[in-house]
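Thanks for making the time this morning.

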Amino acid sequence: PGTLKQAIKDVEALVDQEVDGSIHSLWLMAEVDHWNNEKERLVLITENSLLIFKYDFVMFNCEQVQRISLNLSFSMLDGYTYGWLTNLQALLSNRTRFVCLL
């Protein structure tokens with residue numbers, strides 16, 4: 001109990017208020033690939049940045065931080081995909097994955 005709360009507290013301390021601004025939302029994203037490997041990421045959306053944290057929930061530490069500036073002009077983006085992806089034919093079990101690609 002309290003593992004997620006501790007993780008949130010740890011990653012919120014890593015947010016640079018001057019660079020990122022205030023936090024708007026926080027998400028726990030999980031992906032299970034076709035080899036049944038799990039990847040979990042904490043994702044924070046702030047005024048100026050999208051922050052992706054690789055967090056070790058066993059050792060209670062942040063292993064990696066990715067900062068993506070949201071102040072880019074749209075001409076610099078190739079594109080993005082947002083929504084639910086379902087490919088039931090390729091999966092052994094009926095699972096639905098959520099994907100947000102930038």
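Before I give any surface figure, a word on what stands behind it: accessible areas here come from the Shrake-Rupley method with a 1.4 Å probe. With that understood, and keeping in mind that this is a predicted model, the chain exposes about 7,900 Å², of which carbon and sulfur atoms supply 54%. Of the 102 residues in the chain, 19% are buried. As for contacts with a separation of 6 or more, 33% of them in this chain are between residues 24 or more positions apart.

Let me turn to the fold. Four strands form an open sheet, in the order β1-β2-β3-β4, with antiparallel pairing. At the edges of this sheet stand β1 and β4, each having a single partner strand, so that one side of each is left without a neighbour in the sheet. From one strand to the next, the twist averages 20 degrees. If we look at one pairing in more detail, β1 and β2 run antiparallel and are joined by nine bridges, and among the residues concerned, Ile 23 has Thr 46 in β2 as its bridge partner. Helix α1, residues 3–12, packs on this sheet and touches β1, β2 and β3, while its direction makes about 130 degrees with that of β3.

Which residues make up the largest nonpolar core? There are nine in all, namely Ala 7, Val 11, Val 15, Leu 42, Leu 44, Leu 51, Phe 53, Tyr 55 and Phe 57. The elements giving two or more residues to this core are α1, β2 and β3, and β3 gives the most, with three residues.

Tyr 55 is buried, because its relative accessible area is 5% and the cut-off for burial is under 20%. Leaving aside residues up to four places away in sequence, Tyr 55 touches Gln 6, Ala 7, Asp 10, Val 11, Leu 42, Phe 60, Asn 61 and Cys 62.

On aromatic rings, the count comes to one aromatic pair. The ring centres of Tyr 55 and Phe 57 are 5.1 Å apart and their planes are at 65 degrees, so this pair is edge-to-face, given that planes over 60 degrees apart are classed that way.

Where does Phe 60 sit? Phe 60 lies in the loop between β3 (49–56) and β4 (61–69), and it has a positive phi of about 55 degrees although it is not a glycine. With a relative accessible area of 40%, Phe 60 is partly exposed. Again not counting residues up to four places away in sequence, Phe 60 touches Thr 3, Gln 6, Asp 10 and Tyr 55.

Key. Residues numbered from 1 in each chain as written. Predicted model: local features only at pLDDT ≥ 70, side-chain atom pairs only at ≥ 80, totals over all residues. Heavy atoms only, no water. Buried < 20%, exposed > 50% of the residue type's maximum accessible area, 1.4 Å probe, protein only. Contact = heavy atoms within 4.5 Å. Phe/Tyr/Trp six-rings, centres within 6.5 Å; stacked < 30°, edge-to-face > 60°. Pairing = 2+ DSSP bridges. Axes fitted to C-alpha atoms, helices over the stretch in contact; angles between N-to-C directions. Core = buried A, V, L, I, M, F, W, Y, C linked by side-chain atoms within 4.5 Å.
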